[in-house]
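These are a colleague's notes for someone opening this structure for the first time. Please keep the sequence and the model side by side while going through the points.

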Amino acid sequence: MKLVYASRTGNVEKLVGKLGFENTLKISDGNETVSEPCILITYTDGAGIIPPAVETFVKNNKDNITTAAVSGNKERHPDTFCFAADKLKDNYGIQILTTFNKEGDDETVSILKNALN
């Protein structure tokens with residue numbers, strides 16, 4: 001299992017660091033590829049969209065993405081909080097493991113650790 005993530009402000013990267021998982025790949029432009037099952041962790045961009053690089057990655061690797069976790073900012077974007085999760089599910093059929101605020105909390109870490117093991 002691989003952990004693939006995108007982080008713009010550092011919140012998702014902080015969460016990934018808390019997981020202590022070594023088999024990771026950070027999305028930079030979306031042209032990265034994976035040849036094994038992976039869990040995707042991403043942020044929600046702007047007013048509830050999937051970040052463009054993440055969307056490119058998903059289109060190229062959808063068959064290997066087993067599930068996703070999505071970050072948002074409840075305080076700044078309460079009306080579109082974690083809408084990227086809905087779009088990943090509706091547009092690509094990706095199961096959503098969890099949604100979380102900013103870098104997540106202990107429960108988020110626990111959910112992700114269980115999924116990775």
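1. The model is predicted. Thr80 lies in the loop between strand E4 (65-72) and helix H3 (83-92). Its relative accessibility is 17%, so Thr80 counts as buried, the cut-off being under 20%.

2. Strand E4, on one side of that loop, is mostly covered, with 7 of its 8 residues buried. E4 runs parallel to strand E3 (residues 38-43), and 6 bridges join the two. Within this pairing, Ile39 stands opposite Thr67 of E4.

3. E4 also pairs with strand E5 (residues 96-101), again in the parallel sense, over 5 bridges. Here Gly72 is opposite Asn101 in E5.

4. E3, helix H2 (residues 52-61) and E4 form a right-handed β-α-β unit. E4, H3 and E5 form a right-handed β-α-β unit as well.

5. Val12 is placed in helix H1 (residues 11-19). Val12 counts as buried because its relative accessibility is 1%. Leaving out residues up to four places away in sequence, its contacts are Tyr5, Ala6, Ser7, Ile41, Thr42, Tyr43 and Ser71. Val12 and Leu112 are 100 residues apart along the chain, and their C-alpha atoms are separated by 12 Å.

6. What sits over the ring of Phe81? The charged end of Lys74 does, 5.2 Å from the ring centre. As for aromatic pairs, the structure holds 0.

Note on methods. Residues numbered from 1 in each chain as written. Predicted model: local features only at pLDDT ≥ 70, side-chain atom pairs only at ≥ 80, totals over all residues. Heavy atoms only, no water. Helix = DSSP H or I, 4+ residues; strand = E, 2+ residues; numbered from the N terminus. Buried < 20%, exposed > 50% of the residue type's maximum accessible area, 1.4 Å probe, protein only. Contact = heavy atoms within 4.5 Å. Phe/Tyr/Trp six-rings, centres within 6.5 Å; stacked < 30°, edge-to-face > 60°. Lys NZ or Arg CZ within 6 Å of the ring centre and 35° of its normal. Pairing = 2+ DSSP bridges. Right-handed = clockwise from strand over helix to strand, strands pointing away.
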